[in-house]
Amino acid sequence: MNPAVVVVHGGGGSNISKDRKERVRQGIVKAATVGYNILKEGGSAVDAVEGAVTVLEDDPEFNAGCGSVLNEDGEVEMDASIMNGKDLSAGAVSAVRCVANPIKVARLVMEKTPHCFLTDQGAAKFAAASGIPTIPGEQLVTERNKKRLENEKLQKSDYQKNLGTVGAVAVDCRGNVAYATSTGGVVNKMLGRVGDTPCIGSGGYADNDIGAVSTTGHGESILKVNLARLTLFHVEQGKTLEEAADASLGYMKSKVKGVGGVILVNKAGDWAVKWTSTSMPWGAAKDGKLYSGIDLGDTSITDLP
């Protein structure tokens, strides 16, 4: 029996304001707990990462689903991907609108089509045909994100503020690993812009023989260095999960000045959480314990209910 482990992140970014910190922490804790409970009930790693990410997509504090940032037209366009480390099957969607949970559509792409990646209208048509309910686009728009778009248009802000993504990695009792990542992208992005999140190897990767990783950060930088696969390459070369994360994040920072974060697991149940952005909300559940944090050096450990 392999140890059941789930790790989640709520996006690398700048400092999280005091009034939001507790809500963000609660959201992360809930996502990790939901994912872990799925594993404890015999669910697969894929079930666990989808379940955890769905919780974060449904939480307006995070830049995914109903908390997604707005593009230049004031609309929500979302990206997501998921991968099963058992057979490298993967599914992704980009530029999707009017669905509550893009990660669910990504999983359906993985399991119900011969393809890995559907975009925009094709993804919408497939989602509708698969029974995913359509919701009005306005339902995904929050007042906070309207203000963020206004501020972004008035001034070119530090892009580090716009690094939110959500993600999860897991290993189940059968030793299978999986990842899921979902995002609304960056504030004021051009229509049709796609970042790293739906791109297999950048937004995440899962292979039972190496491990699973979900990334967050400046999407264009992550794409340029294939951050997820690069991290696992370092694991293949014999580095520990923490060393591999430090190496790939360090490379991205030195090569393209990009900051971000990664979460990793392997089938032995080891896990790691690393970031170069100012903060990254994260949570991990293993052996009945819940670990969580937001800023460097700020880790709390509690018993899972």
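The sulfur of Cys199 lies 12 Å from the closest cysteine sulfur, in Cys116, and this is too far for a bond. The model is a predicted one, in which local features need pLDDT of at least 70 and side-chain atom pairs count only at pLDDT 80 or more, while totals for chains, interfaces and linings use all residues. Residues are numbered from 1 along each chain as its sequence is written, and side-chain values use heavy atoms, with hydrogens and water left out.

**Cysteines**

- With a disulfide taken as a pair of cysteine sulfur atoms within 2.5 Å, the count comes to 0 disulfides.
- Cys98 is accordingly in no disulfide, and the nearest cysteine sulfur, that of Cys66, is 14 Å away.
- Cys98 has a relative accessible area of 25% and is partly exposed, on a scale where buried means under 20%, exposed over 50% and partly exposed in between (1.4 Å probe, protein chains only).

- Strands here are DSSP runs of E with at least two residues, numbered from the N terminus, and two of them pair if DSSP finds at least two bridges between them.
- Strand β9 (residues 260-265) has 6 of its 6 residues buried, so it is largely enclosed by the rest of the structure.
- Gly260, Val262 and Leu264 point one way from β9, whereas Gly261, Ile263 and Val265 point the other way.
- Strand β8 (residues 211-217) pairs with β9 in the antiparallel sense over 6 bridges, and Val213 has Leu264 as its bridge partner in β9.
- Strand β10 (residues 271-275) runs antiparallel to β9 and is joined to it by 5 bridges, with Ala272 of β10 opposite Leu264.
- β9 and β10 form a hairpin with 5 residues between them, and Gly269 in the turn has a positive phi of about 95°.

Conventions. Helix = DSSP H or I, 4+ residues; strand = E, 2+ residues; numbered from the N terminus.
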